[in-house]
Amino acid sequence: MAFGTFIESWYSTDTAKIWIYNAWWFELLMVLMSVNFAGNIFKYRLLQKEKWAVLLLHLSFLLILLGAFITRYIGYEGVMPIREGEATQFFLSEKTYLTLYVDGEIDGTPRRKKLEDEVLFSEHINNTFQWKNDFNGQEFTLSYIDFIEGATEGLVLDENGDRYIKIVEAGDGNRHDHFLKEGEIANIHNILFTLNRPQDGAINIRLNDGIYTIESPFSGNYMRMADQFQGILTANEIVPLELRSLYTLPNFQFVIPEPALRGRFDILKADPQSGAQQNALLLNISSLGETSKVILLGGKGFTADPKKVSVGGLDFYLQYGSLPLELPFSIRLNDFIAEKYPGTEKSYASFMSKINVEEEEDSFDYDIYMNHILDHRGYRFFQASFDPDEKGTILSVNHDWWGTWITYIGYFLLYLSMIGIFFIGKTRFKELAKTLDKIQIQKKKLALIILLFSSTIIHGQLLEEPHIKTINFDSIIQADAFSKEHAEKFGSLIIQDAGGRMKPANTFSSELLRKVSKSDTYNGLNADQVLLSILNSPVVWYNVPIIYLKRGNDSIRNLIGVPKTAKYASLLSFFDKEGNYKLASQLEDSYRAAVPNQFQKDFIELDRRVNLFYAALEGKIMRIFPIPNDINKTWVSYPELNENRFQGQDSLYVHNILPLYFQSLRLANQDGNYEQAENLLESVHGFQKKYGSSVLPENEKVKAEMLYNKYDIFKRLFSGYIYVGTLFFLLLIFQIFYNTKGIKVLVIGFRGILLLLFTLHTLGLIARWYISGHAPWSDAYESMIYVAWATMFFGLIFGRKSDLTIASTAFVTSMILMIAHWNWMDPAIANLQPVLNSYWLMIHVAVIVASYGPFALGMILGVVSLCLMIFTTKKNKLVMDLNIKELTVINEMALTVGLVLLTIGNFLGGMWANESWGRYWGWDPKETWALISIMVYAFVIHMRLVPGLRGRWFFNLMSIVAFSSILMTYFGVNFYLAGLHSYASGDQIVSLKFIAVACALITILGFFGYRGYAKFYKK
């Protein structure tokens, strides 16, 4: 399965299906797994009353596998594209088929024979396919030649070929190229076109002596794209044809982009940027010693007219692609509604199909949108996608009643059994809890000899000399700085970001300063003061050294001409005297690289900082003016006012308010009276309420967001966790030798501090939830801070009887928070994608991501246990033995909890997928690696049943090794593989060198840990 995810990323999904997921041996493994589950019921006598939780666990997996079998071999699915105002009773199958019709005569009577079978090909493997059959005793053979993915039928230039003219249209919102052959008639969306073959009722194009003319049976107009010239097309009148012009007829538009060309039609590899989804299947047909080659275009979601080939006196008609499947009712699309986030063109908040189900007995209206499906007569309809012109919908259709319900029953029994494992009957978890109590009774004192590396972050600023040495720009900024009190009021002004999110200006100013300078202040000015200063004096800030330069890449400093010791550079440093961008040549290669190296990533990161700062200086990012009565609720910035229509008093107001505001600010800076500036700022608030009240956030949310920005709680928690955790470790070591009352009081105090930090962590998550309006685990950054929270939560739960566990957890939590604030994670709050705007997000993601906490705890406890084995001596063996036993028991309990959460969360994700897309399992890399992690940890927990794998050393080592599957599930899939859950594919955050070093360290730790274990503990 793991290899399959890489095959899918390297080659294609179909390749992974052929080689692995649909292979017979893979299905055999599933059968053997079912036999194993059934056999264990009797082997371990699970039919006893006290073992019902484990019995249900085994039965649940049997039902899940049975449901998967029914879904695969009985259920079916597909897609249904519908345009507004149209109705259809058919949808296209998800599977692809090859269909062959053979026409001939039997005893003088015309007959037809049909052959059809499901097929799956990939251009990356050696496909094998052959049909041998006969028609009325005449044998024929259909055999495979080649398969091309992403193919298109195109014109290959040939001076001896026929003459063709290209017609481009987008009738369904997608671009389509049609080639019209000279002397033939083409039907394009029920409109006839001819080239040098005039026909009544057709659009006749003539070419004579290099002169093109057009005659249309419909009146219309055209627009020449080069100069925007517009002309009239009169019906039934022969006029010159304008190439590269958009012709508009009733309900139809087309362009003829170039003169006629000579060539021949052939199958070509489509441009990857064109988004071609069709494939080409090349076949040979042989009969009576005659062979003919046929090329079929098709694929999933495509149907084409049969292609005719005559061989050996028989007529063959072939089709490749999806099959049209008929519904027992029709669906009409009354309207498609795409709701965008305010002020955006392509950032969709939701989309919905308003349909009518048409039947003989009854008809009814229904709204289908994401996570709101239509369930009717055994068929389920889901909102999958829509046409680019927003005039048509694409519904996903699923017919799998039995498979779905059997699988759901299996899920329910799984959840019930997982919960029962903790509380009911004789279970391993309850035995571990009793064992831990016994260890606590035996334990006299704690002993720990472990080296813990700590890190200290030192913040400082080393500013380079100003670009223009004769002017001290910092002194100008300080002299013109506005008061913090007024800057805070300015920070509460609402702006609309590029993604359509409404947020206070304070959020942008905070993000701006942190991303550009890696600091929260500049020379004593806070973020709002800096933003006000930038808007007031952008020319000054062009020369201010504020753009952070990463250490280690001297090529950047040499390129922009700043000293090697410079930590910051001015925007002016990035442009030469002619205004050319100095980073341009390096950036072109960096952005093109599929997997940028560190050198290229440094340039990309710096370019983003430069562009963000430049956007702030331009002022276009400050979109504070709502356009009155705008459909998309668009807000614009001051520089964009001339591009939009403001009328009357509104136009006068928006063009003058900001100049007046900054003029009053400059006056206030002299006399300290900000009353007029505050009144003008309040008037902007009033203008926003007047025309943008429908998208304005509540005042309480604005205040909460400003406080959230001010305290930056999660970044501060990193330092708190690591310092407190480190000191707690040192104190516990000291307690081994001097267990005084004072030490015990300090231990209680450190517990209290960590509990306080965890409380602040919890409040920070609640605040982010309140501000964003969605659960705080919806993107990479949020999931990391949530994983850190879950890690600390389970550390406190399992650490009630082990201070060492709490201290270890605090260290891991700090590391997770540190990773969350690396450059490749953006902590900014953003709007959700439509599919994520669901209660399933709270359920599925909360559970599955929470499982990473216990696994991280198990990993660090495994490290500590192996370290204790390394430092065991004859003198401290007794103390060390108790500690290792205690940590091993807690480790197994943590892994058990993690496995339960991961299993429940993964199958909850299957239910979410089924409610959103109509399938609960699709071998997406994320869900596949989650399943792999479940199997890995299930093996680790069950190693005790295998005689050769028992022992505390191997268990603790495997708890470390197994965590690599979680890292792959979380990081590897998200950043290296392609899939529904991948949000930064190609951004290589962990190098192979890092992985090799980590493996080497684990090997060394395991080796020396085993030496101590074999010497003192192995029996």
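Buried means under 20% relative accessible area, exposed over 50%, and partly exposed in between, with a 1.4 Å probe and protein chains only. The model is predicted, so local features need pLDDT of at least 70 and side-chain atom pairs count only at pLDDT 80 or more, while totals for chains, interfaces and linings use all residues. Residues are numbered from 1 along each chain as its sequence is written, and side-chain values use heavy atoms, with hydrogens and water left out.

**Stop 1: two aspartates**

Select Asp712. Asp712 is buried, at 13% relative accessible area. Look for it in the loop between α17 (699–711) and α18 (713–737). Helices here are DSSP runs of H or I with at least four residues, strands are runs of E with at least two, and both are numbered from the N terminus. Check the backbone: Asp712 is not a glycine, yet its phi is positive, about 45°. Most residues other than glycine have a negative phi.

Now select Asp209. It sits in the loop between β11 (203–208) and β12 (211–215). Its phi is positive too, about 55°, although Asp209 is not a glycine. Is Asp209 buried or exposed? Asp209 is exposed, with a relative accessible area of 72%.

**Stop 2: a hairpin**

Select 220–224 and 230–233. These are strands β13 and β14. They run antiparallel and are joined by 4 bridges; two strands pair if DSSP finds at least two bridges between them. Gly220 stands opposite Leu233 in β14. The two strands form a hairpin with 5 residues between them. In the turn, Gln228 has a positive phi of about 65°. Then color β14 by face. Gly231 and Leu233 make up the covered face, and Gln230 and Ile232 the uncovered one.

**Stop 3: an open sheet**

Show β5, β6, β19 and β20. They form an open sheet of 4 strands in the order β5-β6-β19-β20, with antiparallel pairing. Which strands are at the edges? They are β5 (130–135) and β20 (290–298), each pairing on one side only. From one strand to the next, the twist averages 25°. Zoom in on β5 and β6 (138–148): they pair in the antiparallel sense over 6 bridges. Lys132 stands opposite Thr141 in β6. Strands of a sheet pair through backbone hydrogen bonds, either parallel or antiparallel.

**Stop 4: a glycine in a loop**

Select Gly500, in the loop between β29 (494–496) and β30 (502–504). Gly500 counts as buried, at 3% relative accessibility.

**Stop 5: helices α1 and α25**

Select 2–10 and 925–942. Helices α1 and α25 pack at an angle of about 165°, with axes 9 Å apart. Axes are lines fitted to C-alpha atoms, for helices over the stretch in contact, and angles run from 0 to 180 degrees between N-to-C directions. That makes α1 roughly antiparallel to α25: angles under 35 degrees count as roughly parallel, over 145 as roughly antiparallel, 65 to 115 as roughly perpendicular and the rest as oblique. Contact means heavy atoms within 4.5 Å. Show Ala2, Thr5, Phe6 and Glu8 in α1, which meet Pro925, Thr928, Trp929 and Ile932 in α25. By class, the residues of this contact are 5 nonpolar, 2 polar and 1 charged. Ala, Val, Leu, Ile, Met, Phe, Trp, Tyr, Cys and Pro count as nonpolar, Asp, Glu, Lys and Arg as charged, and the others, Gly among them, as polar.

**Stop 6: helices α21 and α23**

Select 803–820 and 852–870. Helices α21 and α23 pack at about 115°, and their axes are 9 Å apart. In α21, Leu804, Thr805, Ser808, Thr809 and Val812 meet Ala856, Leu857, Ile860, Leu861 and Val864 in α23. The contact of α21 with α23 has 7 nonpolar, 3 polar and no charged residues.

**Stop 7**

Finish at Asp826, in the loop between α21 and α22 (839–850). Asp826 counts as partly exposed, at 40% relative accessibility. What does Asp826 contact, leaving aside its neighbours within four places in sequence? Asp826 is in contact with Lys515 and Tyr781.
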